[in-house]
Amino acid sequence: MAAIRTLALVIRSVDVFETSRVLTLYTRELGKVSALAKGARRLKSPFQSGLDLLSVCDIVLLHKASEALDLLTEAVLAERYEALTHDTAALYGGCYVAELLDALTDRHDPHPRLFDASRVTLRHLGDPVSRPSRILRFELACLRELGLMPALDTCVHCGQPPSPTEGDRVAFGLATGGVLCPGCRPGQPHVATLSGDTLEAIRALASPGDAWKATWGDPETLGPVRSTVGAVISHLIGRRPRLLPFV
Amino acid sequence: MSALPGGPPPSPTASGTVDRLVRALGRLPGIGAKSAERLAHHLLRCPVEEAIELAEAVRAARDQIRHCEVCAHLTESGQARCAICRDPRRDRSVICVVEQSRDLMALENAGSFGGTYHVLLGRLSPLQGVFEDQLNLKSLEERVQGGEVREVILATNPTLEGDATARLVADRLAPLGVAITRLARGLASGGSLEFANKEMLADALQGRQRL
Ligand SMILES: [Zn+2]
Ligand SMILES: [Zn+2]
């Protein structure tokens with residue numbers, strides 16, 4: 001039995017028994033884990049105002065290989081995001097972050113950069129102007145970090161540049177992982193046609209640096225990006241995320 | 001294997017627990033013995049929080065039977081209104097809004113509140129699929145529109161979802177011009193009202209603040 005200390009974001013919380021909670025945590029060092037927090041619902045709980053949904057806590061976990069649930073022994077609140085309680089749009093955005101971490105990541109598969117990206121995203125969801133771009137940037141960070149990023153520059157099948165046919169429009173396989181050249185397109189399922197601007201916006205949102213900020217408050221550019229990225233994620237998890245219609 | 005008559009009672013073994021689950025599932029309409037076994041197997045293999053969510057959903061649904069026509073608190077069978085709404089001594093100009101009947105009962109036990117209540121029958125919980133339209137909000141607006149109400153106290157839990165729910169209720173009531181207050185934050189965030197002691201609840205009510 002090993003005790004492990006890590007930062008953790010609470011992504012799911014279910015009340016159990018009289019006063020306890022079963023938590024799904026996205027941790028920085030261990031990835032996703034499920035843990036039992038005994039007595040967490042008491043107002044004077046052993047966990048000191050921590051363990052609320054979408055808060056980041058500094059925790060100590062006891063991991064028993066023989067049991068499905070880890071046991072939480074300590075939790076101290078590290079960061080909570082007030083904006084999520086002031087504005088339902090921010091709350092829905094935060095819940096979408098939690099839903100994606102739960103649906104896309106595997107248990108005990110750590111990705112510290114994804115953990116950090118989650119915190120940065122949650123911290124700024126109170127700003128309605130940058131919110132839609134920020135959520136897209138988080139989704140693309142998820143895809144890249146988990147090795148699921150669609151190909152944007154070369155055909156996902158043959159590796160050739162896609163050489164646009166109708167103006168600057170390019171075929172994009174939503175289920176097959178990205179751009180398709182005219183030779184590889186026939187017979188592919190779930191193909192969308194994206195404009196050069198849409199591809200460029202996806203590139204900017206997925207890249208480090210400040211280029212993505214050009215998309216803030218630009219619903220015309222973000223609309224097709226939103227539906228493309230949403231469709232890619234829905235194909236990956238086999239259903240439409242519950243919060244997707246709200247972001 | 002059943003115990004022999006007169007023999008010692010069977011011990012609550014792991015397989016006994018599984019049998020109990022299979023029998024319970026087998027009593028559902030349209031579920032035969034084979035399906036019950038298959039479902040039990042699934043519930044034992046799926047992520048533990050999914051299984052617990054199902055159990056909690058069943059319990060929550062059963063808890064929400066027979067509600068007071070005014071405040072949605074549980075009523076005794078045959079009564080359209082709960083004991084609190086029927087009591088002529090309660091102050092109808094103050095409404096305390098709670099998530100569930102169990103929170104109401106905790107506040108009643110604290111004994112320091114003489115107004116009436118309104119039970120939302122849940123809280124904003126998007127990850128569980130509970131959005132604004134599933135909450136018992138419309139009848140609260142109607143009560144406030146009735147004109148008798150002077151103050152609405154938001155006594156949702158001090159959690160992310162409870163706070164977001166309080167904000168939502170406040171936003172919905174704002175155009176009606178009623179005073180809106182929130183329980184004082186002596187209650188640690190992340191906890192549940194139903195486990196607070198009398199003194200904490202009395203303090204939280206006493207120190208409530210205008211939103
Ligand atoms: Zn190709
Ligand atoms: Zn009533």
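In this predicted model, helix α4(A) passes helix α6(A) in a left-handed crossing, a label used when the near helix is turned anticlockwise from the far one by less than a right angle (clockwise makes it right-handed). The two helices, residues 131-145 and residues 219-237 of chain A, have axes that come within 11 Å and cross at roughly 35°. Axes here are lines fitted to C-alpha atoms, for helices over the stretch in contact, with angles running from 0 to 180 degrees between N-to-C directions. Helices (H or I, at least four residues) and strands (E, at least two) are DSSP runs, numbered from the N terminus. On the α4(A) side, A:Pro132, A:Ser133, A:Leu136, A:Glu139 and A:Leu140 do the touching, and they meet A:Leu222, A:Val225, A:Arg226, A:Val229 and A:Ile233 of α6(A). Contact means that the C-beta atoms of two residues, placed from the backbone, lie within 7 Å. By class, the residues of this helix pair come out as 7 nonpolar, 1 polar and 2 charged. Ala, Val, Leu, Ile, Met, Phe, Trp, Tyr, Cys and Pro count as nonpolar, Asp, Glu, Lys and Arg as charged, and the others, Gly among them, as polar.

A word on bookkeeping: residues are numbered from 1 along each chain as its sequence is written, while chains are lettered from A and ligands numbered from 1 in the order in which they are written. As the model is predicted, local features need pLDDT of at least 70 and side-chain atom pairs count only at pLDDT 80 or more, whereas totals for chains, interfaces and linings use all residues.

Helix α5(A), residues 196-206, has A:Thr198, A:Leu199, A:Ala201, A:Ile202, A:Ala204, A:Leu205 and A:Ala206 buried. A residue is buried if 20 or more other C-beta atoms lie within 10 Å of its own, exposed if 12 or fewer, and partly exposed in between, with C-beta atoms placed from the backbone. These buried residues of α5(A) pack against α4, α6, β6 and β8 of chain A. The strands β6 and β8 belong to an open sheet of 3 strands, ordered β7-β6-β8 in chain A with antiparallel pairing; two strands pair if DSSP finds at least two bridges between them. At the edges sit β7 (178-180) and β8 (191-194), each of which pairs on one side only. Neighbouring strands of the sheet are turned by 45° against each other on average, direction ignored. Between β6(A), residues 170-173, and β7(A) there are 3 bridges, and A:Ala171 has A:Leu180 as its bridge partner.

Over in chain B, the strands run parallel. Strand β1(B), residues 91-98, is joined to β3(B), residues 151-154, by 4 parallel bridges, with B:Val94 partnered by B:Glu151. On to β4(B), residues 179-182, β3(B) again pairs in the parallel sense over 4 bridges, and here B:Val152 stands opposite B:Ile180.

The largest nonpolar core has 108 residues. Such a core is a set of buried Ala, Val, Leu, Ile, Met, Phe, Trp, Tyr and Cys residues joined through C-beta atoms within 7 Å. Those with the most contacts inside it are A:Val10, A:Leu25, A:Leu205, B:Cys96, B:Val97, B:Val152 and B:Ala155. Helix α2(A), residues 88-104, gives the largest share, 9 residues. Leaving aside neighbours within four places in sequence, B:Cys96 is in contact with B:Leu107, B:Phe113, B:Gly115, B:Tyr117, B:Ile153 and B:Ala155.

As for the interface, 32 residues of chain A are in contact with 25 residues of chain B. On the chain A side, β1 (2-16), β2 (20-27), α1 (83-86) and α2 each supply at least two residues, and α2(A) has the largest share with 6 residues. That side divides into 15 nonpolar, 9 polar and 8 charged residues. One residue of chain B that reaches across is B:Leu160, which touches A:Asp52, A:Leu53, A:Leu54, A:Leu84 and A:Thr85, not counting residues up to four places away in sequence. B:Leu160 lies in helix α7(B), residues 160-173, and counts as buried because 27 other C-beta atoms are within 10 Å.

Two residues other than glycine stand out for positive phi. B:Leu121, at about 60°, is in the loop between β2 (115-119) and α6 (138-145) of chain B, but is buried, with 20 other C-beta atoms within 10 Å.
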